[in-house]
Each structure stands twice: as C-alpha cells, then as structure tokens.
Amino acid sequence: MDLDALDRAIVNRLQVGFPLAPNPFDIVANDLGCTAPALISRLQRLVATGAATRFGPFFDAEAMGGAFCLCAMSIPADQFDAVAQTVNARPEVAHNYERDHELNMWFVLATESPNDIDEIADAIQDETGLAVFRFPKLEEYFIGFKVTA
Amino acid sequence: MTMLDPIDRRIVAATGGGLPLVERPYAQIASELELTEDDVISRLSAMQTQGIIRRIALAPNHYRLGMTANGMTVWDVDDAHVSDLGKRVGALPFVTHCYRRPRALPQWPYNLFAMVHGSDRSEVEAKRLEIAQLLSEFCRANTVLYSTRILKKTGLRLSQKED
C-alpha cells in the first residue's frame, strides 16, 4: 500500500511509544494534528494491509523469567527441508531463517526458563545428528524501532 | 515466568496479539478480564517500569515499507573494545538490533551482531562499510548473512498455566 504523509507520521510517532491513559488515541491524535477516529482507522488499515505487523505492548521474555537464545546450524542441502521441519515443530522455536552462509539455518529459542534452552538445543542435536551452535546475548546495545517511513 | 501474578498474566495474554483499536483500549481489555480500566492501566504501567513491557508501540513491516534487504552483519571485535564500540554501532540509525554474543571457534569468530535494513543489498553493503569504518582497527574480520527464506515466524507465546 502507498503511505501518505499522515500514515508516515503515524508510523514514525507510534514506534516511540503509546500513552497509558484512558484516551490514549486522543493524546497521539493531538500530537499528529488529526482526530482519534481518524488515527484509529489509519491504524486499522496499516495493520490490515501488513504495513505494520503489530500494535501493542512488546514484552521482554527475559524480564518475565524466560529466556531467549539465537541458535545456528550448518545443514547439508539435501537434508535442509527435513531438518527445518524438525526444528519448526518445536513450539519453543520463535523465528527461523534460512541464511546464505555455511551456518545456513538461524533460529531463536524462546523458553520459560533459562535451563530449558540447552535441553531443547540438545534435543534438536540428538534428533538431527547435527550441531546446534548457541549464541546467547551477552550484552545488548540499545535497540529502537527506527524505521523512518 | 515467576514475576507475573495471575492477573498480570491474563493482561499479557489479552494484549499479546495487540491492543484493541478502539477509543478506550484499556477499558475494553478491562471489561474482557473483569477488571477496571484503572487496574489495567496501572498494571501495564508497573510492567513497563519493571521492564517486562519494553514499550507499547507499532512494529512496522520493513518489507512493506520498501526495506526488502536485511543483512545480519557480524564482526570479530577486540574484546577490550567491543562494549564501547557496540554501543556506537547500536546507535547508528540503520541498525535495528545490536548484540554482543559468544564466538564459536573455530567455525565462528564473530562476537558482535548488528542487523542492518535497507532497500536493497547495495544499500546494506554501504551501511556495512560505515560500520567497518567505525570499528576500524579493532575489527579483525566481518561478513554479512542475508536471509534467503523465512522458515518460521511467531509472536511471543505464553503457556496457559497460571503460574
């Protein structure tokens, strides 16, 4: 979809944050110089057309006691699809990407406790006979949603 | 998930798919959960203060906004300087995620990961060069991994159990 100036202003403004107040859309609409109903209908369209993937709270699973770990595997081409099925079948696998490198599969494990990460990575190793490299984050350098629409 | 009480968990579950797009979204969540609007706002505020909620925001779809190339740039940076340099890389406007992670020698010498988005690969390459210049002599090697296929993508899942 084509975004007009108001859509772009909405995308840029709402990456920063959203008020926790009874009428939050009024506050944001006021910043943007539009009305709350106009803002809401634009947002519905942005989400419905896929220009935005989600609007709402972003949770930190680690702050809730859960754990995340980036993992990678090097999979021979003729086994790739079968291994992808095995890996994706695990509900703890949140995202999985094929990438153009010798380590050609990269996925994120998300579990409710840090101890589960190794258990699941080991189980995938046992099931596939292939090593699962683990790249837990040691330090995070601030992320923002910084797409300028 | 030990830090959440049962009411927080219900609020997390009710908002995990997104906020309702209505004039009073917190009142709507409150009525679904048989809470008051004040309860929902104050609990969400408390979770935001604790860092359980990073922010309430819109997640743009990079692909739909024309940023169709994404490269995971990875860098082998001197351990003595990686924290300082990582902060500077993470602050670059085109870097959306930046982490220090362990190496996996000998296969994987890289300890700094920075996700770079661009409208095409040549733009990603130009940005990668900017990072290389910033890291200068403290970086021994780098490469970029492009995604060629999304194999799975799901949001945060919460188990249904209450604690």
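Is B:Y110 buried or exposed, and at what relative accessibility? In this predicted model, in which local features need pLDDT of at least 70, side-chain atom pairs count only at pLDDT 80 or more and totals for chains, interfaces and linings use all residues, side-chain values use heavy atoms, with hydrogens and water left out. Residues are numbered from 1 along each chain as its sequence is written, while chains are lettered from A and ligands numbered from 1 in the order in which they are written.

B:Y110 counts as buried at 11% relative accessibility, where buried means under 20% relative accessible area, exposed over 50% and partly exposed in between, with a 1.4 Å probe and protein chains only. B:Y110 is placed in the loop between strand 3 and strand 4 of chain B; helices (H or I, at least four residues) and strands (E, at least two) are DSSP runs numbered from the N terminus. Apart from neighbours within four places in sequence, the contacts of B:Y110 include B:V74, B:W75, B:D76, B:R101 and B:A141, contact meaning heavy atoms within 4.5 Å. By C-alpha positions, B:Y110 and B:Q28 are 47 Å apart in space and 82 residues apart in sequence.

Chain B comprises five helices and five strands, arranged along the sequence as α-α-α-β-β-α-β-β-α-β. The radius of gyration of chain B, 20 Å, is well over the 15 Å that the globule rule gives for 163 residues, so chain B is more spread out than a compact globule; this radius is taken over C-alpha atoms, and the rule is 2.2 Å times the number of residues to the power 0.38. Along the principal axes, the C-alpha atoms of chain B fill a box of roughly 60 × 35 × 30 Å. Of the 163 residues in chain B, 49% are buried, and among contacts between residues at least 6 apart in sequence, 63% join residues at least 24 apart.

In helix 4 of chain B (residues 82–90), the buried residues are B:V82, B:L85, B:G86, B:V89 and B:G90. They lie on the same side of helix 4 of chain B because they cover an arc of only 135° around the axis, the arc being that of the directions from the helix axis to the C-beta atoms. The partners against which these buried residues pack include strand 6 (139–141) of chain A and helix 5 (121–135) of chain B.

In chain A, A:T128 belongs to helix 5 (residues 115–128) and is buried, with a relative accessible area of 16%. Residues up to four places away in sequence not being counted, A:T128 touches A:M73, A:V83 and A:T86.
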